[in-house]
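Work through the exercises below with the sequence and the model side by side. Each task is followed by a solution that goes step by step.

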Amino acid sequence: MAAGDRQKQPGRVLLYAVLFSAWGAQPAIFRGSTGGTGGQIAALPSPEEMEKGLFLVLNRERTARNLPALKPFPPLTVLARRQSSEMARLGILMHTSAAGKSYTDRLVDAGILFAANGENVARSGTSVPEAIHQSFMASPGHRENVLNPDFDQVGIGIVRGKGGSYFVTEDFARGLVRRDEKEARGIVLRAMNEPRRKMNLPPLVLLDTLNETAQSYALKRAAGRELPAVPAFFGEALMRFAMGADLDDITAALTNADLGRYRRAGIGIGFIRTREYPGGAYYVCALLVADDPTAGPDDLDRTLIVLTAANEIRARMSLRRLELDDELCRQADLLISERKKAGAARPTAPRRGEFFFMFQTLDGIGGLLRKGLKDATLRRIGISTLPVKLQDGTSLQYAIAVIIDR
């Protein structure tokens, strides 16, 4: 008898989902025997020799149909042999392990990443690989797995059971290689810049602050947590999310809208296994910020100038860089509003960690903050800036509020 099972992870991009569910084929029955000529019985091949033979026949079938050959994947072979051993011990065909684990469960337990998977199992009375393969091909469920163009890996396990019958497992998978955050971000950025190149638009510019914000959003989305509002000082901003096991599908989803008005970006990459994506999936957030280069420095530009100046001072003191914090930025906005109402016109530090300045240049602010930046335990900073024209109507200063905290 034989039984087949196929499972594929769901692919979900942005606002829609396509779900794939497992299914099983009806058993097929086949028998066979081995024998020699002249009344002599030929020596039986070893299970390992049968595995190699079945692998060759399987790939011969695929390449004859212009399908890519499968690559042997040792971790899958371990799982397949283990499953065949359990079936031989119990004398039954099954897709679950003796402990009740499905093939997907066993892949996860083994730490194998995958985008799709499928399994064929059979009991055979013959040791001839061609006969075993033809039995699989005669069953619709098995045939689907054998000819599935999504699969690129296979492991085959064959164990001889009591009474001389063979228990056969073919474990298929579409492999998934996890890219590190930097590499994945580069892939997404290149894909997003390609349509811009064709439209003669400048490439998107990644900013560390936007990357950090997008990264936090990607991880929150992957964990199913509520997302905070985009910081107001970013100005006009757009967030786009995509998720799935295939980075190519994700980048296609991220670039399927007109993004021409945006020039700066942050890309966040999260990778996680979930119930929906047991084999692993990328959660990607693209945070895009509009930019009008003719309008002079906007809120985000001014904030980054102050942040850079402060972190340059920290670097010279061999201290860790401060990270821009959304909540502290909102508090800094309130501080500017309060000082504006009070008519403050000279540097002051009203409370520990809070600073307010009226200053002509933004990049010189780091020197004024030097004493406040010395604390090695500080790690967060909030910044708010406001251009202020003086009474003569021509001179320009900036109201600058900075809040630093642990």
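A nonpolar core is a set of buried Ala, Val, Leu, Ile, Met, Phe, Trp, Tyr and Cys residues joined through side-chain atoms within 4.5 Å, and buried here means under 20% relative accessible area. The model to which this is applied is a predicted one.

**Exercise 1. Salt bridges**

State how many salt bridges a search of the whole structure finds, then examine the pairs of D109, E119 and R264.

Step 1. The search of the whole structure gives 17 salt bridges.

Step 2. One of them joins the side chains of D109 and K101, at 3.4 Å from N to O. D109 counts as exposed because its relative accessible area is 53%, whereas K101, with 33%, is partly exposed.

Step 3. Another joins E119 to R106, whose closest N and O atoms are 2.5 Å apart. E119 belongs to strand β6 (residues 114-124) and R106 to helix α3 (residues 103-109), so this pair ties together parts that are 13 residues apart in sequence. Both E119 and R106 are buried.

Step 4. In the salt bridge between R264 and D298, the closest N and O atoms are 2.8 Å apart. This pair links distant parts of the chain, since R264 is in strand β11 (residues 262-272) and D298 is in the loop between β12 (281-290) and α9, 34 residues apart. R264 counts as buried because its relative accessibility is 6%, while D298, with a relative accessible area of 23%, is partly exposed. Salt bridges that share partners bring R264, D298 and D301 into one network.

**Exercise 2. Positive phi values**

Step 1. Most residues other than glycine have a negative phi. N66, however, has a positive phi near 60°, and S318 has a positive phi near 55°.

Step 2. N66 is in the loop between α1 (47-64) and β5 (71-72), and S318 is in the loop between α9 (299-316) and β13 (323-324).

Step 3. Exposed means over 50% relative accessible area.

**Exercise 3. The surroundings of N193**

Work out where N193 lies and which residues it touches.

Step 1. N193 is part of helix α6 (residues 181-198), and it counts as buried because its relative accessible area is 14%.

Step 2. Not counting residues up to four places away in sequence, N193 touches P203 and L204.

Step 3. A polar atom of the side chain of N193 lies 2.6 Å from the backbone nitrogen of L204.

Conventions
Residues are numbered from 1 along each chain as its sequence is written. This is a predicted model: local features need pLDDT of at least 70, side-chain atom pairs count only at pLDDT 80 or more; totals for chains, interfaces and linings use all residues. Side-chain values use heavy atoms; hydrogens and water are left out. Helices (H or I, at least four residues) and strands (E, at least two) are DSSP runs, numbered from the N terminus. A salt bridge is a side-chain nitrogen of Lys or Arg within 4 Å of a carboxyl oxygen of Asp or Glu. Buried means under 20% relative accessible area, exposed over 50%, partly exposed in between (1.4 Å probe, protein chains only). A polar contact is a pair of N or O atoms within 3.5 Å; within protein, one must be able to donate a hydrogen and the other to accept it, and residues adjacent in sequence count only if both atoms are side-chain atoms. Contact means heavy atoms within 4.5 Å.
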